[in-house]
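Please keep the sequence and the structure in view while reading.

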Amino acid sequence: MLDYILVGFGLSGLAFAEQLAQEGKTFKVYENYSQKSSRVAGGLFNPVVLKRFTPAWDAYEHMKTAIPFYKKLEEKLDFKIVYDLPVLRRFNSVEEQNLWFEACDKPILSSLLSPELLKNTNTSIYAPFHYGKVNNTGRIAIKDLLKKYLDNLRDRDMLVEESFEYDSLQFNASGVVYNGLQAKHIVFAEGFGVHKNPFFNHLPIPGNKGEYLIIESTELQLETAIKASIFIIPLGNNLYKVGATYNPNDKTETITVSSKKIIEDKLKVFLKSNYRIFNQEAGIRPTVPDRKPILGTHPDYNAIHILNGLGSRGILTGPTVAKQLYRHIEYNEPLDPLLSIDRFN
């Protein structure tokens with residue numbers, strides 16, 4: 001008898017698996033690698049919405065939980081995961097500068113935004129109106145982290161690398177039975193893949209496709225992430241992740257020429273160095289109309305649960321909501337109504 005079966009392993013699956021590990025629970029993960037949004041994400045943790053100069057939802061609380069969570073994973077996996085990385089907002093006008101300074105004066109943002117105007121010194125970047133700096137930022141090496149964690153699970157025979165067959169799931173008084181495995185609970189953390197899940201495919205997770213370019217430039221020599229109309233994020237070895245696009249209509253994970261053009265057109269506005277395209281990546285973010293995660297228990301089956309909808313800020317929100325779902329399952333603690341599946345049931 002296992003304590004849990006966990007289906008799906010992106011950021012939400014990782015956060016819940018580690019919560020189980022910390023609590024000493026037995027579990028097995030099913031992963032078929034069909035969902036790529038976590039693996040292609042930019043990896044930045046940033047507590048500010050840089051389009052509007054507003055704090056991200058519950059930013060302070062999520063930062064307090066998330067950063068120690070990833071640093072503990074560094075120790076556990078003996079692998080570098082967390083990188084300090086300044087994030088600079090490129091201003092397009094004097095008006096944007098003034099809006100930034102107004103935001104700096106707000107108590108809720110005063111510790112997150114630097115009031116100092118930073119002048120551009122990189123000749124490969126066109127930034128005549130300079131930058132504002134966001135505090136408490138960095139990058140998580142998500143793709144490497146997910147691989148290392150899965151390697152760890154595989155070594156301990158806790159990973160099943162195949163698709164989950166929903167029709168084979170059975171129920172009994174103790175929980176669930178699946179292909180000979182018995183578990184007290186099953187948690188689905190499938191991202192956009194939930195649309196194939198008959199237990200939860202009624203939920204509004206329409207998905208939003210994002211594409212990135214990985215470019216190589218020896219001239220750029222950038223040591224900060226820059227947010228203009230798109231992000232440019234240094235990865236090391238003269239590689240940079242650039243993007244992303246947002247397309248709510250395309251539900252394939254195929255890279256497209258149209259998104260490549262969108263990114264390159266935006267890049268031309270401020271990047272003056274030569275570069276070559278090293279790679280292009282695509283994934284479908286599990287977005288929700290109210291931009292909040294979905295967690296909770298199925299209304300008809302008390303052994304089936306969901307953790308989904310982390311969207312574009314899953315790095316920061318994942319550890320917090322995973323802990324909340326765990327405590328709801330194990331101790332019947334109430335869920336935040338803003339996050340509970342009940343808001344859709």
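A residue is called buried if its relative accessible area is under 20%, exposed if that area is over 50%, and partly exposed in between, with a 1.4 Å probe and protein chains only. Helices (H or I, at least four residues) and strands (E, at least two) are DSSP runs, numbered from the N terminus. The model is predicted, so local features need pLDDT of at least 70 and side-chain atom pairs count only at pLDDT 80 or more, while totals for chains, interfaces and linings use all residues. Residues are numbered from 1 along each chain as its sequence is written, and side-chain values use heavy atoms, with hydrogens and water left out.

## Helices

Ten of the twelve residues of α1 are buried, so this helix is largely enclosed by the rest of the structure. Among the buried residues of α1 are Leu-11, Phe-16, Glu-18 and Leu-20. The expected span of a helix is 1.5 Å times one less than its number of residues. After α1 comes Gly-24, which has a positive phi near 75°.

Helix α3 (residues 59–77) has 19 residues and should span 27 Å; its end C-alpha atoms are 26 Å apart, which agrees. Its buried residues are Ala-59, His-62, Met-63, Ala-66, Ile-67, Phe-69, Tyr-70, Leu-73, Glu-74 and Leu-77. Seen down the axis of α3, these buried residues fall within an arc of 165°, so they line one face of the helix. Such an arc is that of the directions from the helix axis to the C-beta atoms. Asp-78 follows α3 and has a positive phi, near 55°.

Which residues of helix α4 (residues 94–104) are buried? They are Glu-96, Gln-97, Trp-100, Ala-103 and Cys-104. These residues cover an arc of only 120° around the axis, which puts them on the same side of α4. Their cover includes β7 (87–90) and β8 (131–134).

Strands of a sheet pair through backbone hydrogen bonds, either parallel or antiparallel. Here, three strands form an open sheet in the order β3-β9-β6, and the pairing is antiparallel. β3 (44–45) and β6 (82–84) stand at the edges with a single partner strand each, so one side of each is left without a neighbour in the sheet. Two strands count as paired if DSSP finds at least two bridges between them; β3 and strand β9 (residues 138–140) have two bridges. Leu-44 has Arg-139 of β9 as its bridge partner.

Gly-138 also lies in strand β9. Its relative accessibility is 0%, so Gly-138 counts as buried. Leaving aside residues up to four places away in sequence, Gly-138 touches Gly-43, Leu-44, Phe-45, Tyr-83, Asp-84 and Leu-85.

## Aromatic rings

Rings of Phe, Tyr and Trp (its six-membered ring) pair if their centres lie within 6.5 Å; planes under 30 degrees apart count as stacked, over 60 as edge-to-face and the rest as tilted. A search of the whole structure finds 18 aromatic pairs. Two tilted pairs are listed below.

| Pair | Centre to centre | Angle of planes |
|---|---|---|
| Phe-9 and Tyr-149 | 5.6 Å | 35° |
| Tyr-166 and Phe-188 | 6.0 Å | 45° |

Phe-9, in the loop between β1 (2–7) and α1 (11–22), and Tyr-149, in helix α5 (residues 142–155), are 140 residues apart, and the pair links distant parts of the chain. Both Phe-9 and Tyr-149 are buried.

Tyr-166, in the loop between β10 (159–160) and β11 (169–172), and Phe-188, in strand β13 (residues 181–188), are 22 residues apart. Tyr-166 counts as buried at 17% relative accessibility, and Phe-188 is buried with a relative accessible area of 0%. One aromatic cluster includes Tyr-166 and Phe-188, together with Tyr-30, Phe-164, Phe-171, Tyr-178, Phe-199, Phe-200 and Tyr-301.

Terms used
Contact = heavy atoms within 4.5 Å.
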